[in-house]
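Visitor: Please put the model on screen. I would like to go through it with you, one point at a time.

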Amino acid sequence: RQFDAYWGRDSDASPMPINHTLDTFTHEQFSAELRISGQLFDERMDWTAGYFYYDADDMNSNISVLMPCLFGTSCYDRVDNVNTENSGIFVNTNTRLTDQLTLTVGLRRTEDTKTILQERFLWSGANFWVPAPVEAKATQTNPMVSLSYQFTDEIMFYSTWQEGFRGGGTTARPTPTTRVPFGPETLENLEFGIKSDWFDNRLRVNATYFDMTYSEMQIGGAGRDEANNVAWLTTNGGEAEISGLELNVDATIGEHWQLDATVGTIDFQFVDLAFSDPATRIALGLSPGAATDINSVPGRTPDLTASLGIAYSTFLPNGSHLRLRYGISYQAETFFGENNDPLTRSPAYSLSNARATWTSTDEGWESSLFVTNLNDERAIQGRLNFRDLFGSIQTTYVRPREWGFSIQKNFL
């Protein structure tokens, strides 16, 4: 699999190239998985074992312009090359302890290696540091245990405990003194849930409660190194507690109507900030200005999301099919910067879409008329606070109301 991307950003809101970036990105990957499976103990246990391999090469060329190039790093090109190699062996068993009680156990051992080469070229063509690859390597063994109880044919309760991790890396925008690797971060998750069907399968209700411990967090903060260059430094050590509830409902009402709804809540609380704690930064001789507030939440983490959809389906007299659907989604207030920065705040908003789809009698043709952002909501989907660096705040809004028409041919 591979893809290429090319995009630009103009942060100064003027026709002059005062503060803008231009990026070229390429990605190429290869992955393979081998599985074997079987049964044991008079077919009461199903087992699967396997091997997974993933290799990817990524290149990001970033042209950065901060006119009038007064500083050594105001106008230069960033070229980052990353090779990611990930392999793992795994085993999973599913044992029917009784006719109603099932135990699932899994174990996975993973090796993750990233080799990162970051180069910075001045417009004169000189590389203003000596290129040197950084390697971030991790080996993790992650277990999973799940117990499910089939209370009736339509109702099942379950509980699951599992661990996972995300591999390390290096600071995304380093200076010559901050090209150091950071390690993996880990997540321990305990969840309880119910999956149920009611009224002859016309109503489905699934609910889950989860409680997570997020450890060795990869925490970063904006600051300056000893050469007074703006830097983003990332390290491990933070910890947080996360809990929440997810509810999904699907219903068929009468012969023609369908309804679906979701609700999700999340409560995030830092319990340890490590490198980003103000006292720790002062003890290390660093400015506390880039520290994280322990009572803040990470960016893009609304505490409530919800959606509601309703659809009407019917067959027309000629045998073709018509489906009408309306959906609305809600997202609570969120922040896109650290420490609940009010200048990166996005107020709560709702977005709605509508679609009408016609399908021919033989299902060979399909056409749709649709409208997105039906109420033309001016909602914020991204915000960057550059006030202290460049004197500006950059905001990205969702797309305005749009309508379209599509025709599709299905080759059955």
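Visitor: Which residue does R325 meet in a salt bridge?
Guide: This is a predicted model, where local features need pLDDT of at least 70, side-chain atom pairs count only at pLDDT 80 or more, and totals for chains, interfaces and linings use all residues. Residues are numbered from 1 along each chain as its sequence is written, and side-chain values use heavy atoms, with hydrogens and water left out. A salt bridge here is a side-chain nitrogen of Lys or Arg within 4 Å of a carboxyl oxygen of Asp or Glu. At 2.9 Å, N to O, the side chain of R325 meets that of D260.

Visitor: How many residues apart are R325 and D260?
Guide: R325 sits in strand 15 (residues 321-331) and D260 in strand 13 (residues 257-272). Strands (E, at least two residues) and helices (H or I, at least four) are DSSP runs, numbered from the N terminus. The pair links distant parts of the chain, 65 residues apart.

Visitor: Is R325 buried, partly exposed or exposed?
Guide: Buried means under 20% relative accessible area, exposed means over 50%, and partly exposed lies in between (1.4 Å probe, protein chains only). The relative accessible area of R325 is 31%, so R325 is partly exposed.

Visitor: Which residue forms a salt bridge with E333?
Guide: E333 lies in the loop between strand 15 and strand 16. Its partner is in strand 17, 12 residues apart. The closest N and O atoms are 2.4 Å apart, and the partner is R345.

Visitor: What is the relative accessible area of R345?
Guide: E333 has 36% relative accessibility, so E333 counts as partly exposed. R345 is partly exposed too, because its relative accessible area is 33%.

Visitor: Which residue forms a salt bridge with R399?
Guide: R399 is exposed, because its relative accessible area is 60%. With closest N and O atoms 2.8 Å apart, the residue bridged to R399 is E402.

Visitor: How many salt bridges does the structure hold?
Guide: R325 with D260 is one of them. E333 with R345 is another. The structure holds 9 salt bridges.

Visitor: How far apart are the mean positions of the positive and negative charges?
Guide: Lys and Arg count as positive, Asp and Glu as negative; His and the chain ends are not counted. Each charge is placed at NZ of Lys, CZ of Arg, CG of Asp or CD of Glu. For the 30 positive and 53 negative charges, the mean positions are 5 Å apart.

Visitor: How many strands are in the protein chain?
Guide: The chain has 412 residues, and buried residues make up 35% of them. Its C-alpha trace spans about 70 × 55 × 45 Å along its principal axes. There are 2 helices, and the strands number 22.

Visitor: Where is F90, and how far is its C-alpha from that of G50?
Guide: F90 is in strand 4 (residues 75-96). At 14% relative accessibility, F90 counts as buried. Contact means heavy atoms within 4.5 Å, and beyond four places away in sequence F90 touches residues including E33, F52, L107 and G50. F90 and G50 are 40 residues apart in sequence, and their C-alpha distance is 5.4 Å.

Visitor: Which residues does G337 touch, not counting residues up to four places away in sequence?
Guide: G337 lies in the loop between strand 16 (334-335) and strand 17 (345-346). Its relative accessibility is 16%, so G337 counts as buried. The residues it touches are G299 and T344.

Visitor: Is N373 buried or exposed?
Guide: N373 is in the loop between strand 19 (365-372) and strand 20 (380-386). Its phi is near 50 degrees, a positive value in a residue other than glycine. The relative accessible area is 5%, so N373 is buried.

Visitor: And D200, buried or exposed?
Guide: D200 is in the loop between strand 10 (185-198) and strand 11 (203-224). Its phi is near 55 degrees, also positive in a residue other than glycine. The relative accessible area is 77%, so D200 is exposed.
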